[in-house]
Amino acid sequence: MAFGFTKTDFVYINDSYNPDTGRWENEGQFLGPDDPKLMVHYASYGVNYGNSIFEGAKAYLGKDGHVRLFRIEENGKRFGRSAEGILMPPVPVDLFVKKVKELVIKNRNYIPAFDPDPNNRGSLYIRPLLIGEPGLGVRRAENPTFLIFVSPVGPYYATGFNPLHGMVIHHMVRAMPGGHGAYKTGANYVMSMLATAYAKKNGCQEAIWLDGYRHENIEELSACNFMCRIQNTLVTPALSDTILAGITRNSILRLAREQLGMTIEERDLPLEEVLTDADETFGCGTAAVITPIGKISAYHGRYTQEITKDVGELSRKLYDMLTGIQWGVVDDPFKWVTILD
Ligand code: PLP
Ligand code: COI
(Lines give C-alpha, C1' and ligand atoms only; values in the text may rest on other atoms or scores of the structure.)
(Ligands and ions follow the chains in the order given, each with its own letter.)
Protein backbone atom coordinates (compact mmCIF):
# COMPACT_ATOMS: atom_id res chain seq x y z
CA MET A 1 0.00 0.00 0.00
CA ALA A 2 1.31 3.43 -0.94
CA PHE A 3 0.77 6.82 0.70
CA GLY A 4 -2.20 7.96 -1.34
CA PHE A 5 -5.82 9.02 -1.14
CA THR A 6 -8.58 6.43 -0.84
CA LYS A 7 -12.15 7.53 -0.37
CA THR A 8 -13.76 6.32 2.86
CA ASP A 9 -17.38 6.35 4.05
CA PHE A 10 -17.42 9.55 6.10
CA VAL A 11 -15.92 13.03 6.03
CA TYR A 12 -16.42 15.57 8.81
CA ILE A 13 -17.31 19.17 8.06
CA ASN A 14 -18.05 22.14 10.26
CA ASP A 15 -19.09 25.46 8.76
CA SER A 16 -20.49 26.91 11.94
CA TYR A 17 -17.83 29.47 12.86
CA ASN A 18 -19.46 32.80 13.60
CA PRO A 19 -17.07 35.77 13.33
CA ASP A 20 -19.49 37.92 15.34
CA THR A 21 -19.48 35.67 18.39
CA GLY A 22 -15.99 34.27 17.78
CA ARG A 23 -17.37 30.76 18.35
CA TRP A 24 -17.92 27.52 16.47
CA GLU A 25 -21.68 27.45 17.00
CA ASN A 26 -22.30 23.73 16.53
CA GLU A 27 -20.48 20.42 16.29
CA GLY A 28 -20.69 20.09 12.49
CA GLN A 29 -21.68 16.90 10.69
CA PHE A 30 -20.43 13.69 9.13
CA LEU A 31 -21.23 13.36 5.43
CA GLY A 32 -20.75 10.80 2.71
CA PRO A 33 -17.56 11.45 0.70
CA ASP A 34 -19.37 12.72 -2.41
CA ASP A 35 -21.74 15.11 -0.68
CA PRO A 36 -21.82 18.44 -2.58
CA LYS A 37 -21.37 20.31 0.72
CA LEU A 38 -17.80 19.01 0.77
CA MET A 39 -16.82 20.69 -2.49
CA VAL A 40 -14.39 23.57 -2.11
CA HIS A 41 -15.57 26.87 -3.60
CA TYR A 42 -13.54 28.17 -6.57
CA ALA A 43 -13.34 31.62 -4.98
CA SER A 44 -12.12 30.29 -1.62
CA TYR A 45 -9.24 32.25 -0.10
CA GLY A 46 -7.68 28.84 0.48
CA VAL A 47 -7.69 28.03 -3.22
CA ASN A 48 -6.72 31.51 -4.38
CA TYR A 49 -4.21 32.76 -1.84
CA GLY A 50 -3.28 29.74 0.24
CA ASN A 51 -5.33 30.67 3.33
CA SER A 52 -5.44 27.07 4.49
CA ILE A 53 -3.76 24.99 7.14
CA PHE A 54 -3.73 21.28 7.85
CA GLU A 55 -2.67 18.58 10.28
CA GLY A 56 -1.47 15.01 9.89
CA ALA A 57 -2.10 12.23 12.38
CA LYS A 58 -2.71 8.48 12.21
CA ALA A 59 -5.01 5.86 13.73
CA TYR A 60 -3.47 2.43 14.29
CA LEU A 61 -5.26 -0.90 14.55
CA GLY A 62 -3.29 -3.03 16.98
CA LYS A 63 -2.77 -6.78 17.01
CA ASP A 64 -5.14 -6.74 19.99
CA GLY A 65 -7.91 -5.28 17.81
CA HIS A 66 -7.87 -1.87 19.55
CA VAL A 67 -7.78 1.38 17.64
CA ARG A 68 -5.19 3.85 18.91
CA LEU A 69 -4.38 7.51 18.39
CA PHE A 70 -0.96 8.98 19.18
CA ARG A 71 -0.64 12.32 21.04
CA ILE A 72 -3.64 13.67 19.17
CA GLU A 73 -4.01 16.69 21.51
CA GLU A 74 -0.63 17.87 20.24
CA ASN A 75 -2.00 17.92 16.70
CA GLY A 76 -4.95 19.92 18.00
CA LYS A 77 -2.65 22.46 19.64
CA ARG A 78 -0.47 22.79 16.55
CA PHE A 79 -3.60 23.23 14.41
CA GLY A 80 -4.44 26.20 16.62
CA ARG A 81 -0.94 27.69 16.31
CA SER A 82 -1.02 27.32 12.52
CA ALA A 83 -4.45 28.97 12.36
CA GLU A 84 -3.21 31.91 14.41
CA GLY A 85 -0.10 32.11 12.20
CA ILE A 86 -2.26 33.08 9.23
CA LEU A 87 -4.93 34.89 11.25
CA MET A 88 -7.61 32.25 10.93
CA PRO A 89 -9.90 31.52 13.86
CA PRO A 90 -8.56 28.45 15.69
CA VAL A 91 -10.63 25.36 16.38
CA PRO A 92 -10.86 24.52 20.12
CA VAL A 93 -8.59 21.56 20.88
CA ASP A 94 -11.40 19.58 22.53
CA LEU A 95 -13.65 19.93 19.46
CA PHE A 96 -10.72 18.91 17.22
CA VAL A 97 -9.93 15.82 19.31
CA LYS A 98 -13.57 14.79 19.70
CA LYS A 99 -14.30 14.96 15.97
CA VAL A 100 -11.08 13.14 15.02
CA LYS A 101 -12.07 10.32 17.38
CA GLU A 102 -15.63 10.10 16.07
CA LEU A 103 -14.55 10.20 12.44
CA VAL A 104 -11.97 7.44 12.94
CA ILE A 105 -14.55 5.18 14.56
CA LYS A 106 -17.04 5.87 11.76
CA ASN A 107 -14.37 4.83 9.24
CA ARG A 108 -13.06 1.97 11.38
CA ASN A 109 -13.37 -0.57 8.55
CA TYR A 110 -10.69 1.26 6.60
CA ILE A 111 -7.95 0.97 9.22
CA PRO A 112 -5.37 -1.50 7.90
CA ALA A 113 -4.66 -4.47 10.17
CA PHE A 114 -1.29 -4.62 11.95
CA ASP A 115 1.48 -6.23 9.91
CA PRO A 116 4.79 -7.15 11.55
CA ASP A 117 6.69 -6.16 8.39
CA PRO A 118 7.22 -2.36 8.42
CA ASN A 119 7.08 -2.28 4.64
CA ASN A 120 3.60 -3.82 4.59
CA ARG A 121 2.27 -1.91 7.53
CA GLY A 122 -0.56 0.54 7.05
CA SER A 123 -2.54 2.95 9.17
CA LEU A 124 -5.44 5.34 8.78
CA TYR A 125 -4.05 8.78 7.96
CA ILE A 126 -6.06 11.65 9.45
CA ARG A 127 -6.07 14.97 7.64
CA PRO A 128 -7.77 17.92 9.39
CA LEU A 129 -8.05 21.09 7.28
CA LEU A 130 -9.09 24.67 7.81
CA ILE A 131 -9.96 26.27 4.48
CA GLY A 132 -10.69 29.95 3.83
CA GLU A 133 -14.15 31.04 2.68
CA PRO A 134 -14.89 32.60 -0.73
CA GLY A 135 -13.65 36.15 -1.25
CA LEU A 136 -11.55 38.18 -3.61
CA GLY A 137 -9.30 40.77 -2.01
CA VAL A 138 -6.12 39.53 -0.35
CA ARG A 139 -7.14 39.35 3.29
CA ARG A 140 -7.46 37.02 6.23
CA ALA A 141 -10.05 34.27 6.10
CA GLU A 142 -12.34 34.90 9.05
CA ASN A 143 -15.09 32.38 8.36
CA PRO A 144 -13.33 29.18 7.32
CA THR A 145 -14.53 25.62 6.98
CA PHE A 146 -13.12 22.99 9.33
CA LEU A 147 -12.97 19.62 7.61
CA ILE A 148 -11.42 16.23 8.42
CA PHE A 149 -10.93 13.34 6.05
CA VAL A 150 -9.10 10.06 6.49
CA SER A 151 -7.39 7.63 4.15
CA PRO A 152 -5.70 4.25 4.64
CA VAL A 153 -2.00 4.63 3.85
CA GLY A 154 1.27 2.73 3.71
CA PRO A 155 4.82 4.10 3.94
CA TYR A 156 5.24 7.71 2.80
CA TYR A 157 8.41 7.09 0.82
CA ALA A 158 8.33 4.41 -1.87
CA THR A 159 11.55 3.04 -0.37
CA GLY A 160 9.59 2.15 2.80
CA PHE A 161 11.68 1.38 5.86
CA ASN A 162 14.92 1.29 3.86
CA PRO A 163 17.61 3.93 3.50
CA LEU A 164 16.75 6.66 1.05
CA HIS A 165 19.05 8.99 -0.83
CA GLY A 166 18.56 12.64 0.11
CA MET A 167 19.66 15.67 -1.88
CA VAL A 168 20.72 18.87 -0.19
CA ILE A 169 19.16 21.89 -1.88
CA HIS A 170 21.56 24.82 -2.19
CA HIS A 171 19.75 27.04 -4.66
CA MET A 172 16.20 27.17 -3.29
CA VAL A 173 14.75 28.07 0.10
CA ARG A 174 11.87 26.49 2.01
CA ALA A 175 11.54 29.01 4.84
CA MET A 176 13.15 32.23 6.04
CA PRO A 177 13.46 33.70 9.53
CA GLY A 178 10.38 35.79 10.17
CA GLY A 179 8.38 33.69 7.69
CA HIS A 180 5.82 30.92 7.98
CA GLY A 181 7.99 27.78 7.97
CA ALA A 182 6.82 26.66 11.41
CA TYR A 183 3.12 26.74 10.50
CA LYS A 184 1.48 23.84 8.76
CA THR A 185 0.11 25.84 5.86
CA GLY A 186 -0.35 24.33 2.42
CA ALA A 187 1.93 27.05 1.07
CA ASN A 188 4.97 25.52 2.82
CA TYR A 189 4.54 22.31 0.88
CA VAL A 190 4.13 23.72 -2.58
CA MET A 191 7.53 25.37 -1.95
CA SER A 192 9.10 21.92 -2.22
CA MET A 193 7.86 20.86 -5.66
CA LEU A 194 10.79 22.18 -7.71
CA ALA A 195 13.29 20.93 -5.15
CA THR A 196 11.85 17.40 -5.09
CA ALA A 197 11.84 17.32 -8.88
CA TYR A 198 15.48 18.46 -8.82
CA ALA A 199 16.37 15.77 -6.28
CA LYS A 200 14.66 13.10 -8.37
CA LYS A 201 16.37 14.26 -11.56
CA ASN A 202 19.62 13.67 -9.73
CA GLY A 203 18.70 10.15 -8.65
CA CYS A 204 17.60 11.08 -5.11
CA GLN A 205 14.20 10.66 -3.45
CA GLU A 206 13.88 13.68 -1.22
CA ALA A 207 15.08 17.25 -0.73
CA ILE A 208 17.06 18.21 2.37
CA TRP A 209 16.63 21.91 3.16
CA LEU A 210 19.29 24.25 4.50
CA ASP A 211 18.69 27.45 6.43
CA GLY A 212 17.60 30.14 4.02
CA TYR A 213 20.03 32.79 5.26
CA ARG A 214 23.51 31.27 5.26
CA HIS A 215 22.72 28.01 3.45
CA GLU A 216 24.93 26.26 5.98
CA ASN A 217 22.79 24.38 8.47
CA ILE A 218 20.42 21.52 7.80
CA GLU A 219 16.85 22.41 8.74
CA GLU A 220 14.48 19.60 7.73
CA LEU A 221 13.13 17.58 4.83
CA SER A 222 10.07 18.60 2.82
CA ALA A 223 7.77 16.32 4.82
CA CYS A 224 9.62 15.46 8.03
CA ASN A 225 12.26 16.55 10.55
CA PHE A 226 15.93 15.62 10.36
CA MET A 227 18.06 13.83 12.97
CA CYS A 228 21.50 12.34 13.07
CA ARG A 229 23.56 10.27 15.46
CA ILE A 230 27.14 11.35 16.08
CA GLN A 231 28.65 8.64 18.28
CA ASN A 232 26.22 8.38 21.23
CA THR A 233 24.62 11.79 20.76
CA LEU A 234 21.39 12.37 18.92
CA VAL A 235 21.51 15.75 17.20
CA THR A 236 18.64 17.59 15.56
CA PRO A 237 18.20 21.19 14.41
CA ALA A 238 16.81 23.40 17.18
CA LEU A 239 13.23 24.53 16.63
CA SER A 240 12.79 27.98 15.18
CA ASP A 241 10.31 29.84 13.02
CA THR A 242 11.68 28.03 9.96
CA ILE A 243 11.11 24.45 11.15
CA LEU A 244 7.89 22.55 11.82
CA ALA A 245 7.77 21.40 15.46
CA GLY A 246 7.23 17.71 14.78
CA ILE A 247 5.35 15.60 17.31
CA THR A 248 7.40 12.60 16.19
CA ARG A 249 10.60 14.66 16.67
CA ASN A 250 9.60 15.53 20.21
CA SER A 251 8.65 11.90 20.97
CA ILE A 252 11.90 10.49 19.60
CA LEU A 253 14.01 12.94 21.59
CA ARG A 254 12.19 11.86 24.74
CA LEU A 255 12.57 8.14 23.97
CA ALA A 256 16.26 8.55 23.18
CA ARG A 257 16.95 10.61 26.29
CA GLU A 258 14.79 8.87 28.84
CA GLN A 259 14.70 5.28 27.61
CA LEU A 260 18.05 4.91 25.87
CA GLY A 261 20.06 7.29 28.06
CA MET A 262 21.42 9.15 25.03
CA THR A 263 22.70 12.69 25.01
CA ILE A 264 20.42 14.97 23.00
CA GLU A 265 21.50 18.14 21.26
CA GLU A 266 19.03 20.58 19.70
CA ARG A 267 21.20 23.15 17.97
CA ASP A 268 22.47 24.43 14.65
CA LEU A 269 23.51 21.42 12.61
CA PRO A 270 25.99 22.33 9.85
CA LEU A 271 25.78 20.28 6.66
CA GLU A 272 29.58 19.92 6.76
CA GLU A 273 29.40 18.32 10.20
CA VAL A 274 26.75 15.84 9.06
CA LEU A 275 28.76 14.89 5.98
CA THR A 276 31.95 14.32 7.97
CA ASP A 277 30.80 13.10 11.40
CA ALA A 278 27.32 11.58 11.24
CA ASP A 279 27.16 7.85 11.93
CA GLU A 280 23.43 7.64 11.10
CA THR A 281 20.87 10.04 9.70
CA PHE A 282 17.10 9.77 9.42
CA GLY A 283 13.93 11.73 8.80
CA CYS A 284 11.02 11.54 11.26
CA GLY A 285 7.38 12.51 11.04
CA THR A 286 3.87 11.13 11.15
CA ALA A 287 3.83 10.09 7.50
CA ALA A 288 7.56 9.31 7.28
CA VAL A 289 7.64 7.59 10.73
CA ILE A 290 11.42 7.03 10.87
CA THR A 291 12.96 6.93 7.42
CA PRO A 292 16.69 6.19 7.34
CA ILE A 293 18.77 8.40 5.06
CA GLY A 294 21.58 6.20 3.81
CA LYS A 295 23.20 8.63 1.39
CA ILE A 296 23.33 12.39 1.11
CA SER A 297 24.27 14.22 -2.08
CA ALA A 298 25.25 17.86 -1.79
CA TYR A 299 26.72 20.73 -3.78
CA HIS A 300 24.48 20.11 -6.78
CA GLY A 301 25.39 16.45 -6.90
CA ARG A 302 29.15 17.04 -6.99
CA TYR A 303 29.57 15.29 -3.64
CA THR A 304 27.86 12.19 -2.26
CA GLN A 305 28.43 10.75 1.19
CA GLU A 306 27.28 7.26 2.04
CA ILE A 307 26.38 7.31 5.71
CA THR A 308 24.97 3.81 6.12
CA LYS A 309 24.28 1.00 3.66
CA ASP A 310 21.48 -0.50 5.69
CA VAL A 311 19.02 0.72 8.28
CA GLY A 312 21.15 2.01 11.18
CA GLU A 313 20.98 0.36 14.58
CA LEU A 314 19.57 3.42 16.35
CA SER A 315 17.04 4.10 13.57
CA ARG A 316 15.74 0.57 13.94
CA LYS A 317 15.65 0.71 17.71
CA LEU A 318 13.75 4.01 17.75
CA TYR A 319 11.44 2.79 14.98
CA ASP A 320 10.59 -0.30 17.04
CA MET A 321 10.06 1.72 20.21
CA LEU A 322 7.88 4.37 18.57
CA THR A 323 5.76 2.09 16.40
CA GLY A 324 5.57 -0.43 19.24
CA ILE A 325 3.84 2.22 21.37
CA GLN A 326 1.62 3.32 18.48
CA TRP A 327 0.44 -0.21 17.73
CA GLY A 328 0.19 -1.27 21.36
CA VAL A 329 2.94 -3.88 21.06
CA VAL A 330 5.00 -2.42 23.91
CA ASP A 331 4.17 -0.40 27.04
CA ASP A 332 3.27 3.25 26.65
CA PRO A 333 5.50 4.81 29.34
CA PHE A 334 4.52 8.42 28.64
CA LYS A 335 0.77 7.87 28.19
CA TRP A 336 0.93 9.06 24.60
CA VAL A 337 -1.76 6.75 23.28
CA THR A 338 -5.54 7.05 23.41
CA ILE A 339 -7.40 3.78 22.93
CA LEU A 340 -10.63 4.47 21.05
CA ASP A 341 -12.32 1.15 20.74
N1 PLP B 1 8.36 18.79 9.06
C2 PLP B 1 7.50 18.89 8.06
C3 PLP B 1 7.76 19.88 7.00
C4 PLP B 1 6.34 18.08 8.05
O5 PLP B 1 5.45 18.17 7.06
C6 PLP B 1 6.14 17.15 9.08
C7 PLP B 1 4.94 16.30 9.09
O8 PLP B 1 3.95 16.60 9.64
C9 PLP B 1 7.06 17.08 10.10
C10 PLP B 1 8.17 17.91 10.06
C11 PLP B 1 6.89 16.13 11.24
O12 PLP B 1 5.83 16.47 12.09
P13 PLP B 1 5.01 15.37 12.87
O14 PLP B 1 6.02 14.49 13.51
O15 PLP B 1 4.22 16.12 13.86
O16 PLP B 1 4.20 14.64 11.88
C1 COI C 1 2.63 14.26 8.01
O2 COI C 1 3.64 13.61 8.25
O3 COI C 1 1.56 14.02 8.57
C4 COI C 1 2.62 15.36 7.07
O5 COI C 1 1.77 16.20 7.19
C6 COI C 1 3.56 15.40 5.95
C7 COI C 1 2.78 15.45 4.68
C8 COI C 1 3.57 16.11 3.64
C9 COI C 1 2.32 14.09 4.25
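1. Basis. The model is predicted, so local features require pLDDT of at least 70 and side-chain atom pairs pLDDT 80 or more, while totals for chains, interfaces and linings use all residues. Residues are numbered from 1 along each chain as its sequence is written, and side-chain values use heavy atoms, without hydrogens and water.

2. Helix H3. This element, a DSSP run of H or I with at least four residues, covers residues 93-106. Its 14 residues reach 20 Å from first to last C-alpha, close to the 20 Å expected at 1.5 Å a residue. Leu95, Phe96, Val97, Lys99, Val100, Leu103 and Val104 are its buried residues (under 20% relative accessible area, 1.4 Å probe, protein chains only).

3. Asn14. This residue belongs to strand E1 (residues 11-14) (a DSSP run of E, at least two residues) and is buried at a relative accessible area of 0%. Its side chain makes polar contacts (N or O atoms within 3.5 Å, one able to donate a hydrogen and the other to accept it) with the side chains of Tyr12 at 3.0 Å and Ser16 at 2.7 Å.

4. Glu133. Located in the loop between strands E8 (123-131) and E9 (145-153), Glu133 is buried yet lacks a salt bridge (a Lys or Arg side-chain nitrogen within 4 Å of an Asp or Glu carboxyl oxygen). Arg139, the nearest side chain of opposite charge, is 4.3 Å away. The Glu133 side chain instead reaches the backbone nitrogen of Glu142 at 3.1 Å and that of Asn143 at 3.1 Å.

Technical notes:
Chains lettered and ligands numbered in written order. Expected span 1.5 Å × (residues − 1). Buried < 20%, exposed > 50% of the residue type's maximum accessible area, 1.4 Å probe, protein only. Lys, Arg positive; Asp, Glu negative; His and termini not counted.
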